[in-house]
Amino acid sequence: MAAVLPIHYPRSLLRAFDILPVEVWGPPRVSTDYGAAHLQPYLCSIVHNALSFLLSGGLDITEVLVVPHACDSLQGLGSILLDFISPKQAVLPVYLPRGTRESDIAFFAQELRSVYDRLQALTGRSPTEGELMDCIEREEAADLLLIQLHRCHKTLPLTDFAFYRLVRSREYLPAEQFATLAQEVLARGEALSPDGIPLVISGILPEPMSLLDALQGMGGRIVADDLACCGRRLYPPGESDDPFRRMAERIIHAPPDPTRGGLLSARLNHLLGLVEANEAKGLVFYLVKFCEPELFDLPDLRQELRQAGIPSLTIEVDVNNPVSQGVLNRLEAFLEMIG
Amino acid sequence: MSLCRELRYHWYVNLLGRTGLRVRRWQATWQAKSSSRWKSEVLTPPLKISAWTKELIGRHYLKGNYANLHNKVTWVTSGAPVEFLQALGFYILYPENHAAVCGTVRLAEEIASQAENAGFSQDICSYARTDLGTVISGKTPVGRLPRPDLLVACTNICQTVLLWYRVLSHRLDVPLILIDTPFIYSQVTDHAVEFVKRQIEEAIPTAEKVAGKSLKMYKLEEVAKLGLQASELWLEVIERAQHRPAPISVFDQFIHMAPIVEMRGNPGTVDFYAAMLREVDERIAQGIGVIKEEKKRLLWDNLPIWYRLRFLAEFLGRRGVAVVASTYTNAWGELSRLIEVSRPIESMARTYIFIILNRGTGDKLSVMKRMVEDFHLDGAILHSDRSCKSYSIGQLDQRDRLMREVGVPALLLEADHNAPRAFSEEQVSNRLAAFVEMLGV
Amino acid sequence: MDVGSTTNKLVAVNAEGEMLWNVLEQTEPRVEEQINRLLEQAGEALGPLEGIPLIATGYGRGLVHQARRTVTEISCHARGIYREFGHGGTLVDIGGQDSKVIAISPQGAVLDFVMNDKCAAGTGQFLERTANRLVVPLEQMGREALSAAREVPISSTCTVFAETEIVSLIAHGEAVPSILRGLHRSLTKRLLAMVRTVGLVTPLMLSGGVAQNPAILHMLEEETGEQVILPLHPQLVGAHGAALFALEIMETV
């Protein structure tokens, strides 16, 4: 089993080595003292909690720790794990290129090859290209179902809480098990009368999950998301016959994500598209405190959304804290404003 | 009309400005000779070369004021490969340095607040906030900044610069060249170097198109050669601080590093550092140190606290403590080791992927350990810089290792390189005073 | 009823929406008991309250079990201020524990808003805590600040940092009014930053307990170059708005 930190990584590559990836998105209710011995207080709670969870034994069951390079903070965490903390797990950093050019795909394919070499040395296994391709196709099938769930989000007979519990099971279930669950829900058909003021949510992750029930209680409803753990990871199928290139293509062609570079206008158009396609009445930027990738884009996105007549709200949270009265108050006022 | 623009440029920059700045430098140099004007009980008078530094910086920004009349302009990050841009005749502006200038003249907060008013969070890098504040409001202590025709962001110092330059590209509607340098966790890989090289190769035609001319290899080699010479001289200058008493402090280095960052490939920069080296050597010969009585020597890690350089120098100087080495100023000297003039593009890829901020936290600890030994240091101040996560993460462990493995006391100092509001003078003074007591002064 | 973190307010309106009666008290730890007592007071003053709808707003609105509905203070403040002035603009409400800026359309609708409730900076608490440091009664702070001949710049907007900064300013012999003036400037700038994030729609209106502080009013005018309008009862704007929502229910019944 591998513990995987946010955001993007090749699931199929790990599965080809018979390793199950389980993602670590800053598990809440961890004593943050462990992380505080190594990390400054101005780093986000996701990074703090990941380290605290590891050091408090929460990841003892895993043998590998995959640290994708998403931002300066995760870069630093990967580095101190390797150089200073040296956990019992093998630490496997993966660099993600910041463009969508041919050179980015070529580099990333090579980077994945070197991850293959590391895993080969760790496990003693050598999956063939054919086996790799099988794993890729299995993940592609699961991701197509994930895309379909997101596309039908608005009309599914699920509460927001149930929806996110389902789509986020992709973070720990094997692809084939996730596919079964997804197909079951998709077969149930549409809800009779979806009610609530339709909202799009953008940010890193919808936590604490109690937020979703509270939102529903106030008369709001999430119809689409631009969340790092969900909507930004709807990987399209790859095209290449080379398994490494194909894995690289899939991640590089995912929806816009500031941690993968790309133009701001592409993000804006993506958000406008989500709002329009789902007839949302507003957009909530639900940010984790200190997250620079989110914060830089925010002013221009908000202003241009406003020009397009789409109201938005910014909320910053620390994943350790319960949803505060202040946050609920703002959400409620926002719903009153757009409702 | 183009002739008219050129005439205006040369009139203001070369006739009026240049002459004016030169006269001011002569005046300052002349005044420095009678050091009676220097009022500090603890610090020795600044290097005479300071007047020249001022002239160079002044001329750089003066050219910037009128650059849109005469050159194509590019804004670049401090770790970007600039040799090909310089060989193509771009005027190169470093927003980070400009922000630092705002910091030293105590304007950063006011300018950054313009960005905050536009919705930029106080939690984003204070350089970025200062720069965006200038872009939004036009406020700057240097007259005005030239509008860019091209942006170049290189991720070797942090990912933050890319986030920042994406915003610039969006707001100013200017093309952005990305040079992505994969972080080196332990060993540099061939495919990473190849990736950087390919991006530089692909950047050249883009830059040529904006510049409206093609790159001449001999010019590129010339710029690389001058850059190499300047870097070597800079490294020598900062290594002179190994002498006791140290003839130059990190606070001097922070000020005099501007040319090596901003004007690396200019012939004038080589002359400047050669002169600086001569002056530093004169100081050594005369036994002049940066403080009147040097008792202890320290390392500085991370960016300077631009708006409190003098305060820190005097506070520590008064207690007999000189800060003589820093991982930060060393970064521009280190560059020289990898430059190969005959293979400029290949060696650029290797050089720029290899800078300290793009290497692991353990590697940075090794640099610190080496400096403690080479510079005969008694302790270290690790500036935990709220605005620079990429430089700061790892400092808690680095501090711990310095104390345990090298046996020198180390202090983690919480502040911010360009945001005075994150700096509490009372708290800092207390910490520093206690730390100095720990050093046994 | 507006159950705030610092004060509790209850307002009754007549059929035309005019304020008939009101009461304002410091919030007590046993909020529910206080709510019952305030309602009893209203009953004594106005006669039986049966059939008269009650709307609760403010942080403690969930504790008002007698309320028909709860509405956030954003909507209530917008409603209350619009009733008083009949036009849109930007309302700055500075409460004890939080502050908010609301952009209001010419028709009285909320266009955008921003709230600060995460830290003391930018709220009444910033002044209260620093007033304690300087041993100046809160009510006199503004006047003292305006009386200062000069202004000491306070660089910290963080309350904790500002407190240490004050300690050192006092140690350097700075006059109290000059420090006060600097503190007010710091708070004003912080508020203006919030105003700018929603975009200033004129006129600027001010409510909340801190609205009674003349220095804040003066400095807001100075910094924006716009006249700032004060409602008749700056602390009752939210409760008045809530009463107007209640009246709406009454009318639709």
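A residue is called buried under 20% relative accessible area, exposed over 50% and partly exposed in between (1.4 Å probe, protein chains only). The model is predicted, with local features requiring pLDDT of at least 70 and side-chain atom pairs pLDDT 80 or more, while totals for chains, interfaces and linings use all residues. Residues are numbered from 1 along each chain as its sequence is written, chains are lettered from A in the order in which they are written, and side-chain values use heavy atoms, without hydrogens or water.

B:Y328, at 11% relative accessibility, therefore counts as buried, as does B:W332 at 9%. Rings of Phe, Tyr and Trp (its six-membered ring) pair if their centres lie within 6.5 Å; planes under 30 degrees apart are stacked, over 60 edge-to-face, and the rest tilted. The rings of B:Y328 and B:W332 are edge-to-face because their planes stand at 80°, with centres 5.5 Å apart. B:F251 and B:F254 are both buried as well, and their ring planes meet at 85° with centres 6.1 Å apart, so this pair is also edge-to-face.

Between chain A and chain C, contact (heavy atoms within 4.5 Å) involves 14 residues from chain A and 16 residues from chain C. Three salt bridges are counted between these chains, each a side-chain nitrogen of Lys or Arg within 4 Å of a carboxyl oxygen of Asp or Glu. A:R306 forms a salt bridge with C:D112, their closest N and O atoms lying 3.6 Å apart.
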